[in-house]
Amino acid sequence: MSERSGIEAEGLVREFKGGIRAVDGIDLHVAPGEIYGFLGPNGAGKSTTVLMLTTLLPPTAGRATVGGFDVARQGGQVRRRIGAALQEAALDNFLTGREHMELQGGLHGLTAAERSERGGVLLERVGLTEAADRKVGGYSGGMKRRLDLALALIHRPAILFLDEPTTGLDPQSRSALWSEVARLAREDGVTVFLTTQYLEEADVLADRVGIIDRGQIVAEGTPAALKAEMGQATVEAEPADPDDVERTRSVLARFGEPAAAAKGCGVQLRGGPDQLAEIVRALDGEGIRIANLQLHAPSLDDVFLAKTGRSLEGAASEDEDAEPVPV
Amino acid sequence: MSGLAAQVGWVARRSIRRSLRQPAIVMPAIVFPLVLLAVNSGGLEAATKLPGFPTTSYLDFAIAVCFLQGALFATTTSGTELAHDIETGFLSRLSLTPLRPVAVLVGQVAGAVTIGVIGSTLYLVVGLIAGVRIEAGPGGVVVLAALILLICVGFAGIGAFMGLRTGSGEAVQGVFPLMFVLFFLSSINLPRDLIEVDWFRTIATWNPISYLVEALRSLIITGWDGTALWRGFAVAAAFVVIGFAAARSALLARMERT
């Protein structure tokens, strides 16, 4: 994979009519072959950023290069290097899956032999070989998303943009799509820029995560590093006998600093989540019967909460449909 | 150029497939003009008794209207299909390929025109079977086909502009009745010199549709009428130029890629 397959942005801005700044001066550095998760609630500016990076929307200010080419001045070169599955799987319900592959391949200038070979391989990879000759109107949401992904890959792009690729999918389809995206990055070296509002998706899939809120990146790093910033995991223990609370507290104190707990008592683990087994053994050794034991590891939602003062889920409903859609 | 031609081919092929796979839309649009032709040629036959009426067969007089209705179908097809592509995001998908904007326009119009021409061919065949006689002979059929094609292209260009400008299939469909009013305020039902109401005759004289229908009709009824033909071709060409210029401008605004 060429080194010229990364994404860079400096002070990228997109302002809409009425002075609404959907994207407000973001900086990005996505290395070749990396999966970058762009996490944020609805209306945070994720899709607008993708539209700018894929050349479909000119930036108002700032600059960005994709695959080494400027998105504002070298749109043609950028488009030749990227594949994109935008927020809506824009498919033609009256064409079959195979006809979509033919059309997309044809427009990218592939020969008949290339279209047939590449189309067949991709349809098989996304599990649509059997459905390839059915009209897309009869496909499920998951099938449409998988076809969308296959279409984005027909011309072997070095960089792949996926805008909320698993929104509305059932867990099985979501998992299958995650596997394929991970395989693309690990085996084919494709750079993946993935937007999502799902914490789990960013956590599981992304090498690095950028958290965007109200058009600005509020945190960036590997999921592990971002969570580590939030401190160590905590354990909450609730003894079966309320009289054992103090004894439980003293056992937990061996493993770290006391932490708040809704019921029973808690501890912030000095040595991380691996200490959970030791805690269970220690409590058992003291003869304390436990009604409830919970490990609470910091999540990306905790990071979002710390950076914005809101939880991601709350922000999602608060900012619903806030992102202006270019017309 | 071959790249552009290939792109036009891909878009046109998709457009034709889409249209032909929606019989609920295609069939009424093709059948309706034939039904109107049957009703008018039967019910208005007496109009041929008017002094100065150019033919003794109202069928010969009325069949030109079918061709215009076929072209009108091309207008709504190209407009609603482009609007649909905007609404569903398919145009964005196309914008992410090396596709040139002009190929979207020409391809989409080519698809709509193909359907319009298929309909017009059907009208002509049905008309000939029903007894229509083309006064201008076989050469006249060729010129008739060329004019129908040009009208379809022009109307489809106007439809494409409406679809691209509004981005709404419903808005394009909403213009359809207005186009129909424009049709009926022309000389499609009666020659202009037989329209006795002054305001109607004035509107029909200023209405470009009159010159299209009169050019088509001249080949069927009169034979070779140079004046009617140049006027008809000029109006059709004006529709093409205006329609495509407006549609191209609207398309470039829609495909605002860098």
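Student: Why is B:C152 called buried?

Tutor: In this predicted model, B:C152 has a relative accessibility of 0%, and since buried means under 20%, B:C152 counts as buried. By the same cut-off, A:C265 counts as buried because its relative accessibility is 1%.

Student: How do you know that B:C152 is too far from the closest cysteine for a bond?

Tutor: The closest cysteine sulfur to that of B:C152 belongs to B:C66 and lies 13 Å away, whereas a disulfide needs the two sulfur atoms within 2.5 Å, so this pair is too far apart for a bond. Over all chains, the count by this rule comes to 0 disulfides.

Student: What makes α2(B) and α3(B) roughly antiparallel?

Tutor: The axes of helix α2 (residues 23-43) of chain B and of α3(B) cross at roughly 160 degrees and come within 9 Å. Angles over 145 degrees count as roughly antiparallel, and therefore α2(B) is described as roughly antiparallel to α3(B). Their crossing is right-handed, and the residues that make the contact include B:F32 and B:L36 of α2(B) and B:A62 and B:C66 of α3(B).

Student: Which residues have the most contacts inside the largest nonpolar core?

Tutor: That core has 76 residues, and those with the most contacts inside it are B:F67, B:L68, B:I151, B:L212 and B:L216. Its largest share, 16 residues, comes from helix α3 (residues 58-88) of chain B. A second, separate core of 33 residues includes A:A131 and A:L169.

Technical notes. Residues are numbered from 1 along each chain as its sequence is written. Chains are lettered from A and ligands numbered from 1 in the order in which they are written. This is a predicted model: local features need pLDDT of at least 70, side-chain atom pairs count only at pLDDT 80 or more; totals for chains, interfaces and linings use all residues. Side-chain values use heavy atoms; hydrogens and water are left out. Buried means under 20% relative accessible area, exposed over 50%, partly exposed in between (1.4 Å probe, protein chains only). A nonpolar core is a set of buried Ala, Val, Leu, Ile, Met, Phe, Trp, Tyr and Cys residues joined through side-chain atoms within 4.5 Å. Helices (H or I, at least four residues) and strands (E, at least two) are DSSP runs, numbered from the N terminus. Axes are lines fitted to C-alpha atoms, for helices over the stretch in contact, and angles run from 0 to 180 degrees between N-to-C directions. Angles under 35 degrees count as roughly parallel, over 145 as roughly antiparallel, 65 to 115 as roughly perpendicular and the rest as oblique. A crossing is left-handed if the near helix is turned anticlockwise from the far one by less than a right angle, and right-handed if clockwise. Contact means heavy atoms within 4.5 Å.
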